[in-house]
Amino acid sequence: MNGRADGHGYEVRERREQFRGKVFSVVTDQVAMPGGRVVPRDYVRHVGAVGVLALDERGRAVLIRQYRHPLRRVIWELPAGLTDVAGEALPAGALRELAEEADLVAGRLDLLVDVHSSPGYSDELIRIFLARELSEVPPEQRHERRDEEAGLEVIRVDLDEAVSMVLAGEITNVACVAGVLAAARSRDRGWAGLRPADSPLP
């Protein structure tokens, strides 16, 4: 396999898939370096994800508490999920996750920030949206949560308090950290600079 990354001259000479799962695969690329050496690079290829920083009329962020098995504990997160539904646009996926995990509908959706979660070993991109003008999903239409999601807690936290939680190390999930800080900065700027929800991916 041959290919160059963004015109930087790092040619991929060969790719071998080491593992394939539902959410990600692990591959080894043989990469030609600018100096001429060819070296192996292992990394995770991820399907991608969306997250939603939902902000209510009182300026509270809608956060969730969810168990994450690799950490063996419950952590603070945003309503979020994989971009693994064929043909589903990212804004639609974000609204679906907001409904499924927080029982909320948003009347307004803007693009807040894009983050590469850990580019040293993964190509995962998380697109984080800002959802406002919130209303409740009717009880009879709510998603049935299973497995880890069955114990999910939805908690509204004042946005400034959420910023303090980030800085205190209480919130460590990368999408949640980025969403909280970006939302607070954007709010302080009068929401100037928000991109349309359907903006091109970086």
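Contact here means heavy atoms within 4.5 Å. Helices (H or I, at least four residues) and strands (E, at least two) are DSSP runs, numbered from the N terminus. The residues of α3 that are buried are Ala-175, Cys-176, Ala-178, Gly-179, Val-180, Ala-182, Ala-183, Ala-184 and Ser-186. Buried means under 20% relative accessible area, exposed over 50%, and partly exposed in between (1.4 Å probe, protein chains only).

Helix α3 consists of 15 residues, and the distance from its first C-alpha to its last is 21 Å, close to the 21 Å expected at 1.5 Å a residue. The expected span of a helix is 1.5 Å times one less than its number of residues.

## Basis of the model

The structure is a predicted model, in which local features need pLDDT of at least 70 and side-chain atom pairs count only at pLDDT 80 or more, while totals for chains, interfaces and linings use all residues. Residues are numbered from 1 along each chain as its sequence is written, and side-chain values use heavy atoms, with hydrogens and water left out.

## The packing of α2 and α3

Two packed helices are described by the angle between their axes and the distance between the axes. For helix α2 (residues 159-167) and helix α3 (residues 174-188), the angle is about 135 degrees and the axes lie 9 Å apart. This makes α2 oblique to α3. Axes are lines fitted to C-alpha atoms, for helices over the stretch in contact, and angles run from 0 to 180 degrees between N-to-C directions. Angles under 35 degrees count as roughly parallel, over 145 as roughly antiparallel, 65 to 115 as roughly perpendicular and the rest as oblique.

The crossing of α2 past α3 is left-handed, a term used if the near helix is turned anticlockwise from the far one by less than a right angle, with clockwise giving right-handed. On the α2 side the contact is made by Leu-159, Asp-160, Ala-162, Val-163 and Val-166, and on the α3 side by Val-177, Val-180, Leu-181, Ala-183, Ala-184 and Arg-187. Nine residues of this contact are nonpolar, none is polar and two are charged. In this division Ala, Val, Leu, Ile, Met, Phe, Trp, Tyr, Cys and Pro count as nonpolar, Asp, Glu, Lys and Arg as charged, and the others, Gly among them, as polar.

## Helix α1

Helix α1 (residues 90-102) has 13 residues, which at 1.5 Å a residue should span 18 Å, and its end C-alpha atoms agree with this at 18 Å apart. Its buried residues are Pro-91, Gly-93, Ala-94, Glu-97, Leu-98, Glu-100, Glu-101 and Ala-102. These buried residues of α1 pack against β4, β5, β7 (80-82), β8, β9 and β10. Just after α1, Asp-103 has a positive phi of about 60 degrees.

## The chain as a whole

The protein chain contains three helices and eleven strands. From the N terminus on, these elements follow the order β-β-β-β-β-β-β-α-β-β-β-α-α-β. The C-alpha trace spans about 60 × 40 × 35 Å along its principal axes.

The chain has 202 residues, of which 41% count as buried. Among the contacts with a separation of 6 or more, 56% are between residues 24 or more positions apart.

## Individual residues in strands and loops

Ser-25 is found in strand β2 (residues 24-32) and is buried, with a relative accessible area of 7%. Not counting residues up to four places away in sequence, Ser-25 touches Glu-17, Phe-19, Arg-20, Tyr-43, Val-44 and Arg-45. Val-137 lies in the loop between β9 and β10 (153-158) and also counts as buried, at 8% relative accessibility. With the exclusion of residues up to four places away in sequence, Val-137 touches Ala-99, Asp-103, Leu-104, Val-105 and Arg-142.

Arg-72, in the loop between β5 and β6, has a positive phi of about 60 degrees although it is not a glycine. Arg-72 counts as exposed, at 55% relative accessibility. Trp-191, in the loop between α3 and β11 (195-196), has a positive phi of about 65 degrees and is not a glycine. At 24% relative accessibility, Trp-191 counts as partly exposed.
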